[in-house]
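Dear colleague,

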Amino acid sequence: ALQAGIVGLPNVGKSTLFNAVSNSAKAQASNYRFCTIEPNVGLVDVPDERLDKLAELVQPLRTVPTQIEIVDIAGLVRGASKGEGLGNKFLANIREVDAIIHVIRCFEDENILREEGPINPIGDKEIIDTELQLKDLESVEKQIQKKEKQAKSDPKVRDEVAVLQRCKAHLEQGKSIRSLDLSKEEKAVIADLFLLTEKPVLYVANVDEPSMHTGNKFSEALKKVADDEGAEMIVMNNSIEAQIAELEDAEDKAMFMEEYQMKEPALNRLIRSTYKLLGLKTYFTAGVQEVRAWTFHNGWKAPQCAGVIHSDFEKGFIKAEVISYEDFMQYKSEAACREAGKLRIEGKEYIVQDGDIMHFRFNV
Ligand code: GDP
């Protein structure tokens, strides 16, 4: 599964968030799976209303959501890029994830230590950004050094160095690579560097309880910055989320959420947004045995999507029967869709759409 890493300064609520993720999954153990792969890595179900609605119609023996991995990357501090603290280790952990959930403290609490003085969400964000940018600068400079000599005789390498120089200049201005306008070819030049600031990011403004629906001055300031970057920001209260997650009984959970006027845990929103951030889409299979959500990437064709279920499905792919989610909801069963002419037969070139209900035909 693809991974998203939770990062942020100490005492901003990262572990609280990670615990909320892991507990909520454990509490709903029957249909919500979570397993801890390592102490700081968890596999979590992606909440999807469409899956629930499909299951209601099909009434299968079991319903299986799709999953993503969440990694708690603690311990980033100022100076991490110079290896301070366990800086290098944490930065190496970030290099391995596919997207970043950046938690930022937007609550005041004098009992909870803040080394950097008064609450300052933008300053906090910049500290982390700077560390990641410095580390990227190091990687880019090393790469330039490695290629410079060859660039003298090889025009192709010279072009590559030009791309690296642009990255370097951008980083030196205190900007992240994700905001640099690079073509597909230019991106390929830096792909093997796995730059930290190229990874997509989503911000969590961890606010106190009275501001959880409205946000506060801290989250508003942060929102402006996030908007400028074209990044999503989610306002939530990580402590409340952790409390909801601890409640095992569904009724208790519902009562607790009602008390706080919540329709669903903010965590669900976070996981759905993270899934989107990872560039992931979902198709469904719907049979009486199992209704199940499967993950694929934007633009994937039918055989590749079939391969998510089993590699044999891809190898032996013949065709796919496809019903759109909307049609299934309208006609309420595969048979009714077929009768109404809403079941399409698609071949190898079909680009699967988010929400498609697929049935693959294949040779073994
Ligand atoms: P981490 O170092 O970023 O992992 O931070 P923790 O999750 O361990 O949280 C640090 C402290 O802040 C803990 O005592 C939490 O209970 C507390 N905390 C986390 N979220 C909130 C919040 O939204 N409001 C308040 N007042 N405290 C919080």
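Does K14 count as buried or exposed? K14 counts as buried, because 27 C-beta neighbours lie inside 10 Å. The cut-offs are these: a residue is buried if 20 or more other C-beta atoms lie within 10 Å of its own, exposed if 12 or fewer, and partly exposed in between, with C-beta atoms placed from the backbone.

Two remarks on the basis of what follows. Residues are numbered from 1 along each chain as its sequence is written. The model is predicted: local features need pLDDT of at least 70 and side-chain atom pairs count only at pLDDT 80 or more, while totals for chains, interfaces and linings use all residues.

The chain as a whole

The protein chain holds 14 helices and 13 strands; these are DSSP runs numbered from the N terminus, with helices being H or I of at least four residues and strands being E of at least two. Its radius of gyration is 23 Å, close to the 21 Å given by the globule rule for 364 residues, so the chain is as compact as a globular protein of that length. That radius is taken over C-alpha atoms, and the globule rule is 2.2 Å times the number of residues to the power 0.38. The C-alpha trace spans about 65 × 65 × 35 Å along its principal axes. Of the 364 residues, 36% are buried. Among contacts between residues at least 6 apart in sequence, 68% join residues at least 24 apart; two residues are in contact if their C-beta atoms, placed from the backbone, lie within 7 Å.

The ligand and its surroundings

There are 17 residues around the ligand, and G13, K14, S15, T16 and D109 come nearest. A residue is near a molecule or strand if its C-beta atom, placed from the backbone, lies within 6 Å of it. By class, this shell has five nonpolar, nine polar and three charged residues. Here Ala, Val, Leu, Ile, Met, Phe, Trp, Tyr, Cys and Pro count as nonpolar, Asp, Glu, Lys and Arg as charged, and the others, Gly among them, as polar. Helices α1 (14-27) and α8 (238-246) each supply at least two residues of the shell, and α1 gives the most, with three.

The UniProt annotation "binding site", from an unreviewed entry, covers N11, V12, G13, K14, S15 and T16. UniProt positions are given in the numbering used here, feature names are shortened, and annotations may be inferred rather than shown by experiment. Within that stretch, K14 lies in helix α1. Setting aside residues up to four places away in sequence, K14 touches I6, G8, D72, A74 and V103. T16 is likewise placed in helix α1 and counts as buried because it has 20 C-beta neighbours inside 10 Å. Beyond its neighbours within four places in sequence, T16 is in contact with N238, S239 and A242. N11 belongs to the loop between β1 (3-7) and α1. With 14 C-beta neighbours inside 10 Å, N11 counts as partly exposed. Although N11 is not a glycine, it has a positive phi of about 65°.

Two further buried positions

H102 is in strand β6 (residues 99-106) and is buried, with 25 other C-beta atoms within 10 Å. Residues up to four places away not counted, H102 touches V7, G8, K125, I128, V201 and Y203. S176 sits in the loop between α5 (155-172) and α6 (184-190). S176 is also buried, with 20 other C-beta atoms within 10 Å, and its contacts outside four places in sequence are D129, Q133 and T197.

Helix α10 and the region after it

The twelve residues of helix α10 (residues 266-277) should span 16 Å at 1.5 Å a residue, and the end C-alpha atoms are 16 Å apart, which agrees. The expected span is 1.5 Å times one less than the number of residues. In α10 the buried residues are A266, L267, L270, I271, T274, Y275 and L277. G279 follows α10 and has a positive phi, near 75°.

UniProt, again in an unreviewed entry, places the feature "domain: TGS" at residues 279-362. Over residues 279-362 the chain is 31% helix and 37% strand, and the end C-alpha atoms are 27 Å apart. K332 is found in the loop between α13 (325-331) and α14 (334-339). K332 is not a glycine, yet its phi is positive, near 75°.

With kind regards
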